Amino acid sequence: MTKKQRAELVQIELDKLYPTTPIPLDHTDPYTLMVAVALSAQTTDKKVNQVTPDLFAVAGTPQRMAKLEEFEIKELIKEIGLSNTKAKNLKKMAELLLERHNGIVPQTYEELEALPGVGHKTASVVMSQGFGFPAFPVDTHIHRLMTQWKLTSGKNVVETERDAKNLFPEDVWNKLHLQIIFYGREYSPARGKGEKDFITKMMFEK
């Protein structure tokens with residue numbers, strides 16, 4: 001199979017498995033999405049979704065988040081890994097949104113990535129799932145599977161994102177990146193043995 005054929009196979013099979021792609025992090029607007037994604041670093045989406053209802057009830061807007069002290073934010077997210085750093089980032093993020101953007105989440109990568117706790121992946125999720133711009137956020141599942149499927153030789157997520165954007169049509173990026181994440185969790189978990197990973201088997205079986 002050529003690389004192009006493998007990419008086409010991925011699209012076909014994932015469309016069968018996941019015709020719809022709900023965003024796994026609970027949110028109500030671009031701000032709460034950005035907060036949830038920032039919280040999800042080195043933490044499961046499930047854990048984030050358990051914590052954010054109480055957080056958003058108190059601080060679901062930049063205005064309300066900025067009024068909280070760091071220790072108050074930390075108390076609300078203490079079950080999440082790196083809660084000290086994340087509490088500090090959430091407060092500063094809210095303050096800068098108010099200071100620079102009148103409390104409105106900006107719609108450019110440069111402005112998003114200038115906010116504390118917002119790296120390129122978080123910015124990409126906000127741009128794609130919050131605002132509908134074509135983007136291909138790459139997490140560890142996507143990096144691992146793209147490598148496994150020999151669709152990238154990328155040594156890091158930046159190179160993998162570049163290869164994914166070159167391989168797949170722009171109009172499927174926003175859906176496909178979620179489909180690959182769902183597939184990784186269900187069929188090819190990082191700690192599993194890959195017995196259920198039928199896409200890899202279809203590509204490389206002799």
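Student: Why is Lys47 called partly exposed?

Tutor: Lys47 has a relative accessibility of 25%, and this is set against a scale on which buried means under 20% relative accessible area, exposed over 50% and partly exposed in between (1.4 Å probe, protein chains only), so Lys47 counts as partly exposed. The model is predicted, so local features need pLDDT of at least 70 and side-chain atom pairs count only at pLDDT 80 or more, whereas totals for chains, interfaces and linings use all residues. Residues are numbered from 1 along each chain as its sequence is written, and side-chain values use heavy atoms, with hydrogens and water left out.

Student: What makes Glu79 and Lys47 a salt bridge?

Tutor: The closest N and O atoms of Glu79 and Lys47 are 3.2 Å apart, and a salt bridge requires a side-chain nitrogen of Lys or Arg within 4 Å of a carboxyl oxygen of Asp or Glu, so the pair qualifies. Glu79, at 54% relative accessibility, counts as exposed. A search of the whole structure finds 9 salt bridges.

Student: Which parts of the chain does the pair of Glu79 and Lys47 tie together?

Tutor: Glu79 lies in the loop between α5 and α6 and Lys47 in helix α3, so the parts joined are 32 residues apart in sequence. Helices here are DSSP runs (H or I, at least four residues), as strands are (E, at least two), numbered from the N terminus.

Student: Where do Lys165 and Glu161 lie, by contrast?

Tutor: Both residues belong to helix α10, 4 residues apart, about one turn of the helix. Glu161 is buried, with a relative accessible area of 9%, while Lys165, at 27%, counts as partly exposed.

Student: What makes a set of residues a nonpolar core, and which members of the largest one touch the most others?

Tutor: Such a core is a set of buried Ala, Val, Leu, Ile, Met, Phe, Trp, Tyr and Cys residues joined through side-chain atoms within 4.5 Å. In the largest, of 34 residues, Tyr31, Met34, Met93 and Leu112 touch the most other members. Helix α2 (30-39) is one of the elements that give two or more residues to this core, and α2 gives the most, with 8 residues. Apart from it lies another core, of 24 residues, among them Leu9, Val138, Leu176 and Met203.

Student: Why are the buried residues of α9 said to line one face of the helix?

Tutor: The buried residues of helix α9 (residues 140-148) are His141, Ile142, Leu145 and Met146. Seen down the axis, they fall within an arc of 120 degrees, so they line one face; the arc is that of the directions from the helix axis to the C-beta atoms. What covers them includes α10 (157-167) and α11 (173-187).

Notes
Contact means heavy atoms within 4.5 Å.
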